[in-house]
Amino acid sequence: MSRNLHKCGEFANQIFEETKSSLIVQTTIEHSKFLLYGSFSSVVLTWLLFRGYSYLRLRRSRIEVPPTPQLEKLAPSTRSFKAPLRKPGVWEPVDFKRPAASPAPNWDVYTSEPKAYRPFRYGTYHITMGLRNMTSWDDWIELDNHYLKYHADKAQRIAERGSKCCYTDPSAFDGAVELLEELCDFLPQRYPSLYQRTPVGIDNVVTRESFNIIERPLVEDPMQMCARLVQDDLAIMFEKEDGQYYLLAGAILLAGFWRLEDKLGMPLSEIHTSGDVPGFKEKLEKGMMNFFRRVQPNGPVQRNNYFIQVDDSLPWSSSIGDEDGPEGTVGWFSAEKNKAIEHHYFRSERQSLRRLPRSGGVVFTIRTYFEPITKICEELYVPGRLASAVRSWGSDVSRYKGKELYGDVLLEYLDRKHQEQIDAGLDLEKEEEVRAYPF
């Protein structure tokens, strides 16, 4: 564009210089008609230059690559919604019912593969909440052919650890039961080959379990019952009079790196600061608190994150220490450095957040996907993009994710696999067509 404008300028200067020349001046004096013609030509030339410049600007704006979307910015309907004024800690039940779910197409507990979430990007790593709208209520709970393994792992954890992993504060009982009712309504609609609704609750037709959710007392903690129904970990936050949201009910069985017993009863901000979440105070806290105050029952959202783990245990990462170890003994400092790539696993979470209409609790569903690094690197584009993402971590994020313990081995492997794909003819220009974020 600058080259074209330069040519236009040179042409204009040439006309101006010729106009100033004595020959032209003498001619216009001798022939007064030329003066009128020259004035008209100048006006036309100026108009043409302006139109040319406008056209070039418009053409440039049409071919510019659009910026990377800011996932923090939700759809207009969510951003513009103003939550009703209310006192902190006071929630009036809302007359909202989740739309009925459609049966998952061709879903089978033995054959339906997990979604291949790969939520990492090229370029600079930005610390954000990363929220985006859940466009369909059908996507609230995701089940796949790993269900039976997750179900067995959860059952074993419940038997071994009980209330250390599943607990409902008495003040949160109604909210936990509300979540249980929601699951008993949703799951038979979405996965009818696995679940059937009954007059008292729900039946699992594969495991032959029956759940009675209307009897009192319940046979077990309501969050524990919820945990047996899905592959997700679950948590419910409730607002108190100080305006803070507190973790008062949870079923955290497969979290890998954190324990419910350490966080139970904490406000949202302390949960994150006690876990040394990078940039929380500076970049996340204000936006997160605003989101929790504003989120409504009809506005579910979702987000993804990822970690690298250097052992193959889904429920608890043994490489960071004993799950029951005393305070100060659990952390990345316990992990063995530079283990072989066969010990590296990709741990990805898909989280959803929604507010329960009756109790006002904000529900987290935390679905963990867990695969060997060597497996996901067989997928086109994954090694190169993951290598770029890992290199983009700042020192605080690197420390939080334990990069020092595995970074050298991981990056050498990713670079090698990426080069193999390049040598085999990988077309980098088509990546967005093949696997757009978060896949």
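Modeller: Let's start with Y381, which is found in the loop between α11 (373–376) and α12 (382–392). Keep in mind that this is a predicted model, where local features need pLDDT of at least 70, side-chain atom pairs count only at pLDDT 80 or more, and totals for chains, interfaces and linings use all residues. Residues are numbered from 1 along each chain as its sequence is written, and side-chain values use heavy atoms, with hydrogens and water left out.

Colleague: What makes a stretch count as a helix or a strand?

Modeller: Both are DSSP runs, numbered from the N terminus: a helix is a run of H or I with at least four residues, and a strand is a run of E with at least two. Going by that, the protein has 15 helices and 10 strands.

Colleague: Where is N338 found, and why is N338 called partly exposed?

Modeller: N338 sits in the loop between β8 and β9 (345–355). Its relative accessibility is 33%, so N338 counts as partly exposed.

Colleague: Now E371. Why does E371 count as buried?

Modeller: E371 lies in strand β10 (residues 362–372). At 15% relative accessibility, E371 falls on the buried side of the cut-off, so buried it is.

Colleague: What makes a polar contact, by definition?

Modeller: Two N or O atoms have to be within 3.5 Å; within protein, one must be able to donate a hydrogen and the other to accept it, and residues adjacent in sequence count only if both atoms are side-chain atoms. The side chains of E371 and R118 make such a contact at 3.2 Å.

Colleague: What else does E371 touch?

Modeller: Contact means heavy atoms within 4.5 Å. Leaving aside neighbours within four places in sequence, E371 is in contact with R118, Y345, F346 and I376.

Colleague: What about L405: where is L405 placed, and what does L405 touch?

Modeller: L405 is in helix α14 (residues 403–423). Not counting residues up to four places away in sequence, L405 touches W332, A335, E336, K337 and N338. L405 and E336 are 69 residues apart along the chain, and their C-alpha atoms are separated by 6.9 Å. L405 is called buried because its relative accessible area is 13%.

Colleague: What makes a group of residues a nonpolar core?

Modeller: A nonpolar core is a set of buried Ala, Val, Leu, Ile, Met, Phe, Trp, Tyr and Cys residues joined through side-chain atoms within 4.5 Å. The largest one has 51 residues, and those with the most contacts inside it include F291, Y406 and L410. A second, separate core of 49 residues includes W107, L143, L180 and V363. In soluble globular proteins, nonpolar side chains tend to be buried together.

Colleague: Last one: what makes a space a cavity?

Modeller: On a 1 Å grid over the protein atoms alone, a cavity is a set of points where a 1.4 Å probe fits but cannot get out, and lining residues have an atom within 4 Å of a point. The structure holds 1 cavity of 30 Å³ or more. The largest cavity has a volume of about 60 Å³, where volume is the space filled by probe spheres set on points joined across faces, edges and corners. Among the residues lining the largest cavity are R157, R161, L260 and E261; α5 (147–161) and α8 (260–263) each supply at least two residues of that lining.

How values were computed: On a 1 Å grid over the protein atoms alone, a cavity is a set of points where a 1.4 Å probe fits but cannot get out, and a pocket is an open set with protein on both sides within 12 Å along at least five of seven lines; lining residues have an atom within 4 Å of a point. Buried means under 20% relative accessible area, exposed over 50%, partly exposed in between (1.4 Å probe, protein chains only).
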